[in-house]
Amino acid sequence: MSVGGWLERDAQLLWHPYSSLAEPSPVRLVRGASGVRLSLDDGSGGTVEAIDAMASWWCMIHGYRHPVLDAALKDQVDDFSHVMFGGLTHEPAIRLAERLVEITPAPLEHVFFCDSGSVSVEVAIKIALQYQVARGRVGRTKMLTVRGGYHGDTFAPMSVCDPVNGMHSLFTGALQEQVFGPQPPAGFDRPDDDPEFLAWAAAMAAVAEQQSDQIAAIVVEPILQGAGGMYPYSPACLRVLRELADQHGFLLILDEIATGFGRTGTLWASEHAGIDPDILCIGKALTGGYLSLAAMLCTAEVAQAVSNGPGGALMHGPTFMANPLACSVALASIDLLLAGDWAVRVAELSAGLSAGLAPVAELPGVKDVRVLGAVGVVQLGGPVDMVRMTDAVLRRGVWVRPFRDLVYTMPPYVCTDDDIATITTAIAEAVREVGC
Ligand SMILES: *Cc1c(COP(=O)(O)O)cnc(C)c1O
């Protein structure tokens, strides 16, 4: 069938992320993917290749069709692809849980597997509520968070997303009302005697103090707010949140679904601040982008309190919990990451992105250029024309997915220096061509 035929059928049938069926925005047909490149149908029977500068929404860190990950998946298919996790267990889940406990911050000792990042945030919030009940602190039913966050699209995560970007007004009455503090001041390198930082810390302390008897946990993305705006903030802010949690008996939930597995330059973004969470959510790059899998990890203290509390159980159990295919490919992906020089690689990517994007800051209409780890962001002075910008970048051999006023890249770690140069040149030229 011609590409036109497929795309017409798609437009009639399918929702894509955040899309309208009345005015579907264009989609492209993928014919294949290998290494860091997508093969897209060019509309006339051929294909056009593009470097995937999104790593398929930040997941595909080792690239497509990696022989080691392919083999892990095929081997597991030959054993068994899925079994229920109620009453049954299997080596891939046990081995992956052990590996995660080994490589995540030391106090985290127990693992709950689920099928998506959003669900892991649901489970994190649920276990925090159960923890406070078990501690006899009734009435602690709210989450404290900061503006500008993104934690997923199901209802509990949506309630802690930024109220404006997350369109809370659409769901008034249906969404749990949470406690919002101000967004941390921008900038990873902001000094901790900076007046804006001090004002933010004081504002957070005041919010925490006022509503401490209603707050069960703090939930934030450490160091880098992702889908809320690709917005880095300083490690000192995270230390403030850890202190507030300790002072008031809140749990600290860190959502490292986007930042985990080295993306910001350390394996976990919390390491920049030298603090540990009580509860951690991971997903996205966990399986190297092959399958949907996420996990909630928690401390022994949290696990024991909940297990000895009313009900005794953590009240969650997805059908595809700890799917063996996903666990096997996750193990292979983690082994691959840790066997290589991932920290050096991310630092090299970071240097390449910084050098390549620096000239973009000088272009008219560009508000800010920022790089943290293997994340490169161009912020324009107004909303991006997503369709034109995507086209302009793609004509230069690169796939991006801009949003709001942002054109950004989170490239696969296996990108070469040349690939990074192609990405930054494409973004620079497209920003010059399209502007905002
Ligand atoms: C993507 C993301 C989620 C949601 O994960 P899904 O797998 O899409 O449900 C949650 N938190 C953060 C920080 C994310 O980047």
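Which residue in E16 is the bridge partner of Val 377? I looked this up in a predicted model. In E16, Val 377 has Tyr 408 as its bridge partner.

**Entry 1: E14 and its neighbours**

With strand E16 (residues 406-409), E14 runs antiparallel, and four bridges join them. With strand E13 (residues 366-372), E14 also pairs in the antiparallel sense, over six bridges. There I found Asp 368 opposite Gln 379 of E14.

I then checked the turn. The hairpin of E13 and E14 has two residues between the strands, and Gly 373 takes a positive phi near 55° there.

**Entry 2: H7 against H8**

I turned to helix H7 (residues 195-210) and helix H8 (residues 235-248), whose axes come within 11 Å and cross at roughly 20°. Angles under 35 degrees count as roughly parallel, so I logged H7 and H8 as roughly parallel to each other. I recorded their crossing as right-handed.

I listed the contact residues. H7 contributes Phe 197, Trp 200, Ala 201, Met 204, Ala 205, Ala 208 and Glu 209. These meet Ala 236, Cys 237, Val 240, Leu 241, Leu 244, Gln 247 and His 248 in H8. Sorted by class, the contact of H7 with H8 has 11 nonpolar residues, two polar and one charged.

Technical notes:
Residues numbered from 1 in each chain as written. Predicted model: local features only at pLDDT ≥ 70, side-chain atom pairs only at ≥ 80, totals over all residues. Heavy atoms only, no water. Axes fitted to C-alpha atoms, helices over the stretch in contact; angles between N-to-C directions. Parallel < 35°, antiparallel > 145°, perpendicular 65-115°, else oblique. Left-handed = near helix turned anticlockwise from the far one by under 90°. Contact = heavy atoms within 4.5 Å. Nonpolar A, V, L, I, M, F, W, Y, C, P; charged D, E, K, R; others polar. Pairing = 2+ DSSP bridges.
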